[in-house]
Amino acid sequence: MSSHRLLFSGLWTIGRTRWISRLHEGKHGCGRAFFSSGKPKVCIVGGGPAGFYTAQHLIKACQDAEVDIYERLPVPFGLVRFGVAPDHPEVKNVINTFTQTAKQSGCSFYGNVNVGKDVSIQELQQAYHAVVLSYGAEGNRTMGVPGEDLAGVYSAKDFVGWYNGLPNCQQLRPDLSCETAVILGQGNVALDIARILLSPVDVLKKTDITQPALEALTKSQIRRVLIVGRRGPAQIACTIKEVREMVNLPDTRPEMVAADFQGLREVVKDLPRPRKRLTELMLKTALETPGEKEQERRNKASRVWAFRFFRSPVEILANPDNNRAAGIRLAVNKLEGSGEGAQAVLTGEVEDVACGLVISSIGYKSLPIDPSVPFDSRKAIVPNNMGRVQQAAGLYCSGWLKTGPTGVIATTMNNSFDTARSLMEDMDSGMLDVSAAKPGSQNISGLLEKRGVIPVIFSDWEKIDSVEISRGEATGKPREKLLSVEEMLQVTRQ
Amino acid sequence: MMAASAAARSSMVLTFRLSRVLPNCSSCPFNKLKACASGSARPQRRTSLDSFRTANRHLQTGTGLYHSEEGSSNAENPDDVVNVVYVDRSGQRIPIKAKVGDNVLYLAHKHGIELEGACEASLACSTCQVYVSAAHFDKLPEPEEREDDMLDMAPMLQENSRLGCQIFLTRELEGMELTLPKVTRNFYVDGHTPKPH
């Protein structure tokens, strides 16, 4: 043991060569794991950004570690593949980072494995030193209003899943033959949906949007999209990039209610920078008289988008046959308080809006995976302390499951690195016992085989990737996504 | 083993042309510097061999306006040297002898500093956020609107925040310190409001 230390201090004094300082970061890499009888083995449940960023950080910090990522679908990358809008391809560049991680010798990807069904959390905990839950938020908050089950009413999660090729959303086949669509919620997901509904088809056809969605949007009669929020412009949850994209969307014009912006100009200058810039842009769009050229552009536009503020859904109104949505009843609110903490309070007034498509974009929601894993059903997260699951040794969480379903890639990255750090600290301090060797994927592979589950490994995904890209070439798209698990598995067997 | 992984890390960015995602050239520093090896002949269809050739060209030309060998810290011309210091997430100071024209994000990658560039300099994320030393912050050109838009989404945004992928070294920036935001426990203290997504 002491000879190891001498060796390292000797290397330290050779100079701050990068790779040595990378190893140490102030402590000894894997800590006690370094002196253990086996490699530390970590299992990550969920192959989206949180899973990959957690894996990346673990592998960098602990060269010996074996990190296995289990994913329910045959394809990796989670919301980067199925959530990020098709016309935001640069955001998907992060896939290259994740690909590099998957190809590290210490990392293995096992797709087509349903944790909770094909293998249990307990079995994973027995096989690995630590299990990190990063399976995100596959559910959604419901409006809880009558008529929510009518045809023509969808959750944003399902609508986005539909146009992004998520296999279990392909049956959605939304009817886009109405003139007006109403989206409840004003976050970036709501704005993505509005933009996809109103974008010129010529733009969409060069993206990786699915072929069925492209066909539906080509036939779409939707000409007006209202994006509705409970509170006011100062509380809107979207970010400036997405609002700018709406303002600049070809062949569309904005339609805002000037009265919604009353009193806002006076308080803008004192707002924190992100909120200030966003509010200024909305004020400009809503209140300023546009220049001649812009006015002409707006006059010629065939499509309309609008923010509607201070409105909450109370009922979806049905058509005469009572089988489709034909309108929505909105309660009128007023604000009590100001800033982020302002509350929407009912005034008693209501307003009916005719529409044929209603999309509720009021939040994703995590679901419990296993009764043995603590779950806070109010916040819909796994209760944790800096990524360490409470009252569950050896169990960690990262991503939206840890903090709730908000945040951009950078947030998830930090969040995942933080969990990885907690795990490393625990290995170092002995809180996480890595002294005894664990079988890791060897055992799990055996279990899966017995149960007739064939995992999709990373090189199998690359076959799917290859097929999608070459199919996309035929239509001038970056890829043509495979739309069913069966088809994906078929390709992997070739 | 460590060297291999450091090399793998620094080659991560240099091999971004292996991407299956078509790159958006308009915000890429290579494009801005007209130092893009693919240039205007960017093919729509990449064979893996094309990508490999492109990646190798990047390994040779580097990010700056001047040629350098991969890994070399001795500039041909001492007037082109710009010394900067990165302060990584653990607080460790890493002095780097760089060159005029070097890009702060790719320079970090070249030296194994853990500055992420998720969108690969497309102004579509905020993972390369750095805090710029006060003395040098004002010497940087004003950010374009798209950079400000992305910064607005960055966790732990500060007055002196910039996106590393948009900073190119000049001699005026001699001595600049670039601090990586801490991946911090304090991220979730009281007062934290959920970020949009």
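Tutor: A helix here is a DSSP run of H or I that covers at least four residues. Keep that in mind, and remember that this is a predicted model.

Student: OK, so what makes the place of W400(A) part of a helix?

Tutor: W400(A) sits in α15 of chain A, residues 400-403. A helix needs at least four residues in its run, so a run over residues 400-403 qualifies.

Student: What does I409(A) touch?

Tutor: Leaving out residues up to four places away in sequence, I409(A) contacts Y53(A), V80(A), V91(A) and V94(A), plus A118(B) and T127(B) from chain B.

Student: Which residues does UniProt list for "binding site"?

Tutor: The unreviewed UniProt entry gives A50(A), E71(A), L79(A), V115(A), W400(A), G407(A), V408(A) and I409(A). They spread over 360 residues of sequence, and in space they lie up to 25.5 Å apart between C-alpha atoms.

Student: Switching to domains, how is chain A divided?

Tutor: The assignment gives domain 1 as 9-138 + 366-492 and domain 2 as 140-363. The contact involves 24 residues from domain 1 of chain A and 25 residues from domain 2 of chain A.

Student: How much area do domain 1 of chain A and domain 2 of chain A bury between them?

Tutor: About 1,900 Å², with 55% of it on carbon and sulfur atoms. On the domain 1 side of chain A, F82(A), P86(A) and L483(A) lose the most area to domain 2 of chain A, together 33% of what that side buries.

Student: Why quote a lost area at all?

Tutor: The size of an interface is often given as the accessible area lost when the parts come together.

Student: What makes K92(A) and D208(A) a salt bridge?

Tutor: Their closest N and O atoms are 3.0 Å apart. The rule asks for within 4 Å, so the pair passes.

Student: How many salt bridges and polar contacts link domain 1 of chain A and domain 2 of chain A?

Tutor: The rule finds two salt bridges across that interface, and 12 residue pairs are in polar contact. On the domain 1 side, α4 (78-82) and α19 (485-492) of chain A each supply at least two of the residues that touch domain 2 of chain A.

Key: Residues are numbered from 1 along each chain as its sequence is written. Chains are lettered from A and ligands numbered from 1 in the order in which they are written. This is a predicted model: local features need pLDDT of at least 70, side-chain atom pairs count only at pLDDT 80 or more; totals for chains, interfaces and linings use all residues. Side-chain values use heavy atoms; hydrogens and water are left out. UniProt positions are given in the numbering used here, feature names are shortened, and annotations may be inferred rather than shown by experiment. Contact means heavy atoms within 4.5 Å. Domain bounds come from an automatic or database domain assignment. Buried area is the accessible area (1.4 Å probe) that two parts lose on being put together, summed over both. A salt bridge is a side-chain nitrogen of Lys or Arg within 4 Å of a carboxyl oxygen of Asp or Glu. A polar contact is a pair of N or O atoms within 3.5 Å; within protein, one must be able to donate a hydrogen and the other to accept it, and residues adjacent in sequence count only if both atoms are side-chain atoms.
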